[in-house]
Amino acid sequence: MRFDIVTATATDYAAAIPALAQVLRACVMKGAAVGFIPPLDLEGAVAFWRGQADAVRAGEKQILLAISDAGRIVGTVTLALAPQVNGSHRAEIAKMLVHPDARRQGIAAALLKRAEELAREKGRRLLVLDTRQGDDAERLYARLGWQSCGIIPDYALNGDGSSHATHVMYRQLPPRPRDLRVAAAHPDDPDAIPLIDALSADLLARFDSDGRRGLAGWSDVADRSLFALARLDGVPVGCGAVRPFMGETGEIKRMYATPGSAGVGAALLSFLEEGARNLGYRQLVLETRWANDRAVAFYRRHGYRLTANYGHYAGRPESACLTKIL
Ligand SMILES: CC(C)(COP(=O)(O)OP(=O)(O)OC[C@H]1O[C@@H](n2cnc3c(N)ncnc32)[C@H](O)[C@@H]1OP(=O)(O)O)[C@@H](O)C(=O)NCCC(=O)NCCS
């Protein structure tokens with residue numbers, strides 16, 4: 001069976017209640033420990049889901065639906081966002097249900113994976129749940145990376161006077177890999193201007209010179225110049241440029257990465273070096289200030305060596321000039 005996983009809107013949810021009631025009732029009648037003792041009739045199951053509607057409308061509970069290619073709701077899971085002020089990073093997985101005639105096709109695994117993605121989107125990084133000890137679900141969660149906290153004995157009643165234990169589990173969602181992209185751009189790109197302004201303001205405040213002339217006359221030599229823009233998860237976070245200096249030597253200009261964006265400077269530098277090679281440069285030079293010790297250390301870490309101060313930096317003791325053979 002093919003199936004889709006969708007996050008129910010409040011309207012979808014209202015329409016889905018009869019089908020969700022069928023799934024809940026079928027699971028309980030098959031012996032699932034999900035808050036009820038069999039027998040559960042359809043009205044009882046409908047009443048349960050109706051009781052969730054306010055929380056769904058408020059966004060406190062997110063309901064995922066597994067819908068078969070025939071348009072039938074065959075599974076569901078609830079992501080309940082912790083309402084506590086100090087729990088805004090946490091959510092609970094509840095009512096993981098797959099209709100007995102749709103099991104063992106990966107529907108629960110797909111629901112859980114989507115619930116994790118949704119949790120991340122909602123800023124939740126810790127998930128918790130409990131499940132009857134020894135159930136199929138326990139194996140499913142363990143397989144999907146859930147950790148065991150322990151067993152609570154005598155947790156819920158079975159209906160015949162006996163009780164069963166529950167297994168409390170949690171999952172810390174691994175940090176989402178960041179999407180860092182560097183691409184060629186024009187320095188007049190609206191995404192670039194605030195970065196160039198921020199760099200200029202920073203340099204002016206620290207070194208009394210904003211370095212703005214680094215991009216002067218861009219269009220005159222655009223064919224031998226390269227401006228690069230870095231975006232992290234789509235947000236512009238850094239820039240840099242290579243300009244012609246002399247013959248096969250290019251000059252690095254306007255390197256900037258917004259504070260706290262680790263890895264951006266290295267990605268920009270590597271993009272610019274590769275671009276410079278493609279433009280026919282064999283060597284790069286650059287100037288920074290000795291007082292900018294983090295920048296000096298950064299370039300040295302990336303293979304740049306000190307060189308005699310060149311051009312109009314000659315005779316300026318505050319300038320540190322570096323070079324790298326490509
Ligand atoms: C627990 C439950 C949600 C699992 O649903 P499911 O859709 O069958 O789960 P999956 O298909 O993802 O995985 C179940 C098993 O089928 C296997 N499977 C998945 N796709 C398969 C396929 N295409 N072919 C054969 N086996 C498959 C999985 O490997 C897994 O194997 P395991 O039993 O060795 O762990 C379901 O049994 C259920 O609704 N139980 C009652 C309610 C309940 O207890 N919920 C948990 C509350 S905490």
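In the predicted model, a polar backbone atom of alanine 109 is 3.0 Å from an oxygen atom of the ligand. A backbone N or O atom of methionine 96 lies 2.7 Å from a ligand nitrogen atom, and a polar side-chain atom of arginine 143 is found 3.5 Å from an oxygen atom of the ligand. The ligand taken alone exposes 950 Å², of which the protein buries 74%.

The shell around the ligand comprises 21 residues, the closest being Met96, Val98, Arg104, Gly106 and Arg139. At least two residues of this shell come from each of strand 4, helix 4 (107-121), strand 5 (126-132) and helix 5 (136-143). Helix 5 contributes the most, with five residues.

Helix 1 spans residues 10-29; its 20 residues reach 27 Å from the first C-alpha to the last, close to the 28 Å expected at 1.5 Å a residue. A bend of about 55° occurs in helix 1 at alanine 16, and proline 18 follows within four residues. Alanine 16 is itself buried, and the other buried residues of helix 1 are Tyr13, Ile17, Leu20, Ala21, Val23, Leu24, Ala26, Cys27 and Val28. After helix 1 comes glycine 31, with a positive phi near 105°.

Technical notes
Residues are numbered from 1 along each chain as its sequence is written. This is a predicted model: local features need pLDDT of at least 70, side-chain atom pairs count only at pLDDT 80 or more; totals for chains, interfaces and linings use all residues. Side-chain values use heavy atoms; hydrogens and water are left out. The expected span of a helix is 1.5 Å times one less than its number of residues. The bend at a residue is the angle between axes fitted to the seven residues ending there and the seven starting there. Buried means under 20% relative accessible area, exposed over 50%, partly exposed in between (1.4 Å probe, protein chains only). A residue is near a molecule or strand if one of its heavy atoms lies within 4 Å of it. A polar contact is a pair of N or O atoms within 3.5 Å; within protein, one must be able to donate a hydrogen and the other to accept it, and residues adjacent in sequence count only if both atoms are side-chain atoms. Accessible areas come from the Shrake-Rupley method with a 1.4 Å probe; for residues, only the protein chains shown count as cover.
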